[in-house]
Amino acid sequence: MSPSFIKLLILSIFISGSYEFAKAAPPVYHPVKAKLVQPRQGIGNTLLKLKQNQDVRVAYLGGSITAAPGWRVKTTKWLQEVFPESKIHEIHAAIGGTGSDLGAFRLEHDVLQHRPDLVFIEFAVNDGGRQPESIWESMEGILRQIWKANPQTDICFVYTFRVNYENDLRKGECPRAASAMELLAEHYGIPSINVALKIVELESLGKLIFKSDTPLSDEVIRFSKDGVHPLDRGHEIYTDVIGDAIEQMQLTSEPVNHASQLKRPFVTGHWSDARMVPLTSTMLAGNWKTLSENDPLKKRFGGRLGQIWEADKPGSRLTFQFRGSQSALYDLLGPDGGQLLITIDGKQQPKLRPRFDSYCTYHRIATLKLGQNLDPQAIHTVTIEIHPEQPDRSSVAFRLKDPAQELKTPKYQGTKIRVGKIMLRGELVP
């Protein structure tokens, strides 16, 4: 073997190793220039089915802005009007007050089982308080789960507005959560629609006010009452921008098999292994029962939580084992909620975990983190147990007319725990 050949071989190995190192380097966050539409690879699979007059299933995954009967409903109507020969099936997969961290776990139940052709993802507001690295993990987990289930499914990110986002948008930049999502979207070729930018543009022209408690003149659009949740005219603006974006994407979109886009992850810790698993009677000890189909809470939340288990006797326990890095409960908070002792791998956590907070004049879906950043190869044992003491309910007093008396009523008494599913990154161990 000649010396020159050996030098070439060493150089080749060095270059190859450098390439692998560069490829594996973690992404670095930076603000991204705000654009109304980024078509990228578009929604070609969906548009082909629409042009062929086939049925199309459109999912809307997001928070309260999407849960409202606004841009979601209006966009479905727009699609139906523009493509009258196709049947547009809407998949309502939005839950108020939740972000992409829960979205990654509930995706299978709320979206994938309905076999969507197109998924709009709207979490730029509810993910606003999270770090970019965390957003990447959950958002990438969502898109990789979607394409693993069906590589023909198209995805489109939608960035909505809240007051204070105008500060970045006026500088021509996406707010932090949207910037993080844009970096991920660029990596995967996912189109995005920045409806928030349009709101700021209209406000700068004097045609819109971000929030107002009272109606304005017909010349000025009142976007919202609270600076976050659009009124009807605000939702109309969102829909108009989305419609224009789809029209634009028709010019450039081609059908794509998205499986090829899964070869190179954006981050190594993506939540593509996030899942929900149901409770079983073998996990339970105490006075647990399932809520009947006629129970008001079952009627309200069963569509999301599935079978709901309830217990209120102190000492009642839920115990499960899993191999993985993360676990949580998918449960309900409420005015009669109790508090829990959490034990993980034999170590009891020092703080009680109330299933009650300052919003609990009503029941709502919530999550309870049980274990984070655990050894993903180890088997972990998790136990939750109802504590005999009720949580302090004084935090809700400012929402009540007569808190001294109302907090004594049966509505605000109890140690009830209501659980739908276990959230895991990993696998349940029988």
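This text leads through a predicted model, taking in turn a sheet, a helix residue and a pocket.

The sheet is an open one of six strands with mixed pairing, and its order is β1-β6-β5-β4-β2-β3. Strands β1 (37-38) and β3 (88-94) stand at the edges; each has a single partner strand, so one side of each is left without a neighbour in the sheet. Further in, β4 (residues 118-122) pairs with β5 (residues 154-158) in the parallel sense, over four bridges. Within this pair, Leu 118 has Asp 154 of β5 as its bridge partner.

Attention now turns to helix α5, which spans residues 100-110 and contains Arg 106. This arginine has a relative accessible area of 1%; because buried means under 20%, Arg 106 counts as buried. A polar atom of the Arg 106 side chain lies 3.3 Å from the backbone oxygen of Gly 62. Beyond neighbours within four places in sequence, the contacts of Arg 106 include Leu 61, Gly 62, Ala 93, Ala 94, Phe 123, Met 276 and Tyr 330.

Helix α5 also takes part in the largest pocket, where it is one of the elements that give two or more residues to the lining. The space in this pocket is about 810 Å³. Its lining comprises 27 residues, of which Asp 101, Leu 102, Arg 130, Thr 367 and Lys 369 are the closest to the centre. Besides α5, the elements giving two or more lining residues are α6 (132-149), β13 (317-333), β17 (364-371) and β19 (417-429). Strand β17 gives the most, with five residues. By class, the lining has eleven polar, nine nonpolar and seven charged residues.

Key: Residues are numbered from 1 along each chain as its sequence is written. This is a predicted model: local features need pLDDT of at least 70, side-chain atom pairs count only at pLDDT 80 or more; totals for chains, interfaces and linings use all residues. Side-chain values use heavy atoms; hydrogens and water are left out. Two strands pair if DSSP finds at least two bridges between them. Buried means under 20% relative accessible area, exposed over 50%, partly exposed in between (1.4 Å probe, protein chains only). A polar contact is a pair of N or O atoms within 3.5 Å; within protein, one must be able to donate a hydrogen and the other to accept it, and residues adjacent in sequence count only if both atoms are side-chain atoms. Contact means heavy atoms within 4.5 Å. On a 1 Å grid over the protein atoms alone, a cavity is a set of points where a 1.4 Å probe fits but cannot get out, and a pocket is an open set with protein on both sides within 12 Å along at least five of seven lines; lining residues have an atom within 4 Å of a point. Grid points are joined across faces, edges and corners, and a volume is the space filled by probe spheres set on the points. Ala, Val, Leu, Ile, Met, Phe, Trp, Tyr, Cys and Pro count as nonpolar, Asp, Glu, Lys and Arg as charged, and the others, Gly among them, as polar.
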